[in-house]
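Work through these exercises with the model on screen. Try each task before reading its solution.

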Amino acid sequence: MTPSRISMTQPQFEKLSKIIYDRSGIHFPEAKKYILESRLSHRLGELELENFDQYIALLSMGPYQQDEFQEMFNRITINETSFFRNDAQLDVFEKQVLPELLEARARTKRLRIWSAACSTGDEPYTLAIQLHRTLGVRMSDWTIEILGTDISERALNIASEGKYTSYSIRTTPKTVLDRYFTTDGRNFTLSEDIRRMVTFEKHNLKDRLAAKRHGTWDIIFCRNVLIYFDDDMKRQVINTFCDVLAPDGTLFIGHSERIKDITDRFEQIPVPQGFCYRKLAAPMKLAA
Ligand SMILES: C[S@@+](CC[C@H](N)C(=O)[O-])C[C@H]1O[C@@H](n2cnc3c(N)ncnc32)[C@H](O)[C@@H]1O
């Protein structure tokens, strides 16, 4: 039986959306109230709560508060993604940015890529496939680290499993499917060599300190999540990326996202469909 929907009053929406924003930076405008209402009604049913006031109380105090935040983020985040999403941009990564970077790192042979807000892993695995086919037999000479992070534990569990439905591979070229996946006709399982290249970890983009603990990255992908943030949160996230990106590193964002108006620490690399940015050198401080 489908549980009945529990309606959310305006004050309840305002309290809940503030709690969500404070924890994650995700901004729910009023027009999206129905998403919270529909996605969380079922959870209230599971917890045998009668209304959203009780749910807000649960999130605000009590021993299960942390667990409930996780449960809530698993439900309210939009995890839409796919392998080879936005192929024009990925071409820029593979054919332009990556060769330059490989040359720049030819001495250390060490490359670090962070896919921030990676959802079910399709994006970091795509980057791993691109690296794998670019390096070919040279792979074993390199130390490659690809980290996929997300706030949703549910999405990360799917990522770690490496097993996908036909929906996830809908924009994947057939040659890639044949080379890197096996299928039982229904599910598509990613090959072990690619899965081994990526590690996953829960990370909330709101947590600047945790981001800094990971060291410096050569490439950061953060696509299709800034759209859920307001300018303040975007600025915090972009500043963090700037702090943890190597001086010659590159940031890729989603095709409908803009950072020009919120930061002067990056400049756009002039490639059509690239949506990629390089760090500007920090302004020199003049001696007094
Ligand atoms: C639409 S998906 C984008 C996935 C992938 N980057 C892509 O472009 O295909 C957005 C992801 O951002 C994650 N997300 C939202 N807020 C976040 C936060 N504060 N910290 C980390 N991840 C977050 C969601 O859980 C979701 O998986």
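**Exercise 1.** Describe how H2 and H4 cross and pack.

Solution. Helices here are DSSP runs of H or I, at least four residues, numbered from the N terminus. This is a predicted model, where local features need pLDDT of at least 70, side-chain atom pairs count only at pLDDT 80 or more, and totals for chains, interfaces and linings use all residues. Residues are numbered from 1 along each chain as its sequence is written, and side-chain values use heavy atoms, leaving out hydrogens and water.

Next, the geometry. H2 covers residues 33–46 and H4 residues 65–76; they pack at about 140 degrees, with axes 9 Å apart. Axes are lines fitted to C-alpha atoms over the stretch in contact, and angles run from 0 to 180 degrees between N-to-C directions. The angle therefore makes H2 oblique to H4 (under 35 degrees is roughly parallel, over 145 roughly antiparallel, 65 to 115 roughly perpendicular, the rest oblique).

Last, the residues. From H2, Leu36, Arg39, Leu40, His42, Arg43 and Glu46 meet Glu68, Glu71, Met72, Arg75 and Ile76 of H4 (contact means heavy atoms within 4.5 Å). By class, this contact has four nonpolar, one polar and six charged residues.

**Exercise 2.** At what angle do H3 and H4 cross, and which residues meet?

Solution. H3 spans residues 52–60. Its axis comes within 7 Å of that of H4, and the two cross at roughly 120 degrees. So H3 is oblique to H4. Tyr55, Leu58, Leu59 and Ser60 in H3 meet Gln65, Glu68, Phe69 and Met72 in H4. The classes are five nonpolar, two polar and one charged.

**Exercise 3.** How are H1 and H2 arranged?

Solution. H1 (residues 10–24) packs against H2 at about 85 degrees, with the axes 11 Å apart. That makes H1 roughly perpendicular to H2. Gln10, Phe13, Leu16 and Ile20 in H1 meet Lys33, Leu36 and Leu40 in H2. Five of these residues are nonpolar, one is polar and one charged.

**Exercise 4.** How many residues surround the ligand?

Solution. The count is 21, and the closest are Thr81, Arg85, Asp150, Leu205 and Asn224 (a heavy atom within 4 Å).

Technical notes
Left-handed = near helix turned anticlockwise from the far one by under 90°. Nonpolar A, V, L, I, M, F, W, Y, C, P; charged D, E, K, R; others polar.
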